[in-house]
Amino acid sequence: APLLFPLYKKCLTRCGSLGCPMLLLVRSVFSAGLLATSLAFDGLVHVGEDEVCAGADEAECTLALRQLRGRKIAGTHDHDEDAAAAAAATSYHYNQNQARAFSALCKLTYCSGWAGTAKSVELTCGIKGWCAPAGIKIKPGSVRVLALPDGGSMRDVVAYAGILESVPGSDEPVEPGCVAAVRGTWPRTSNGKRNRQNTMVPWATGGCPDCLVHEGYQKIWQVLMGSLTSAFEAIGCNMSTPIYLTGHSMGGAVATIGMAALKEKGWNVSKAQYVFNNPMVFNKAGVDYFNKLLTGSENGTAVTRITHAKDSVPFWPWGRQNAGYTPTWPEVHYGALGLNHQVCWKDSKFCGVKAEKHLCSSYLCSDHLVSPLAPGGNIATFADLVSVCFKGAGTRKAIMELPEVAQTHQPSDDQLAWMDSQLELLQSEGLSNDGSA
């Protein structure tokens, strides 16, 4: 394969067309040779996505990338670590019904703690049936909403806690317990400042001397932790109750830190955790510690990180700022075509967000909020803000009922700014908040 590559590139340059017989022949031989060589040398031959896919149609490119991903767990040359990660990958099973339930719970954090939040959580994950395929519902009357200041507005940090009860009908039900969902970045709050505080600082508890963590997200967790544990205790959750933390975007990053922090304090943090489109949080030592803390193994699967299409937020901090940051895994990546997805391990360059070309930021496209799992196909924008966030009517499923800003796929930041302006308008019209604990 290495010997054929210069010939392949030369043919591609001269032909410029898939109709060139020599190009087709060389590409076929090159692809077969590449796979054989990479298998024989156990990943020592590294070929970039552009090289594999150059001149290939979409189907051929997809097949070539799958073959490359299949040759080894990408991101490390340590064979012992590869073997352990491969064993974890073999035993892992992604449950889309569970992910769908937690995505619905995440969406409701974007009501930003207004009066209808608690009731909408109960209805969405109750009689509306969004969580039933995962074997759970929210216990009526159990939701406690938190809206906390963090140097900016009174709603800098928003989350809620509730009790998960069992319902029949699921082949793989979530174990009943207590759940907390944390809101992502919101306009006109201190969230933007915290996002930009991306210096890696020591893990606050000192439980892992080599662990480094995103400064801003750790500070948000420190703002939230006391109120959240009090809310858990107020609704009857104790140290032995299975605990679930979830969140979208910044909320997913804060939830990830919270899983480790609560586990250190002795809480029974479940191994079945889901977060959505969140930035990176830890360095490699931090990820290893996080996995071992929650599962007993550095290669355990402590949390499933779900990403979507070309959303660049999972790579935040970007560029030179992200030196040392390591994502948690597995990553379940949904492309632009509905529920089609792939499960990615370690920090693979050939799977998930890293395999996407031309990632886009939240101020340029809508991929950060579009979700094939969440109600309405969007994890933050509601069809009817008054009904959901103030009157507690729960969410709607129909995508075409979303507001124009979401239907026309305006950038994610624009959608959130629209939500913020609408909520402020509704407040000024006399709808008040009585949902904060």
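## Around Y325

Leaving out neighbours within four places in sequence, Y325 is in contact (heavy atoms within 4.5 Å) with N198, T199, M200, H214, M280, V281, F282 and P317. This is a predicted model, in which local features need pLDDT of at least 70 and side-chain atom pairs count only at pLDDT 80 or more, while totals for chains, interfaces and linings use all residues. Residues are numbered from 1 along each chain as its sequence is written, and side-chain values use heavy atoms, with hydrogens and water left out.

Y325 sits in strand 11, residues 325-326; strands here are DSSP runs of E with at least two residues, and helices are runs of H or I with at least four, numbered from the N terminus. A polar atom of the Y325 side chain lies 2.6 Å from the backbone oxygen of N198. Y325 counts as buried because its relative accessibility is 8%, where buried means under 20% relative accessible area (1.4 Å probe, protein chains only).

## Around H368

H368 belongs to the loop between strand 13 (341-344) and helix 12 (385-390), and is buried at a relative accessible area of 5%. Not counting residues up to four places away in sequence, H368 touches H248, S249, N277, D311, V313, S362, I379 and S412.

## Helices 9 and 10

Now to a helix pair: helix 9 (residues 215-234) packs against helix 10 (residues 250-264) at an angle of about 65°, with the axes 9 Å apart. Axes are lines fitted to C-alpha atoms over the stretch in contact, and angles run from 0 to 180 degrees between N-to-C directions.

Key
Buried < 20%, exposed > 50% of the residue type's maximum accessible area, 1.4 Å probe, protein only. Polar contact = N/O pair within 3.5 Å; in protein donor to acceptor, adjacent residues only side chain to side chain.
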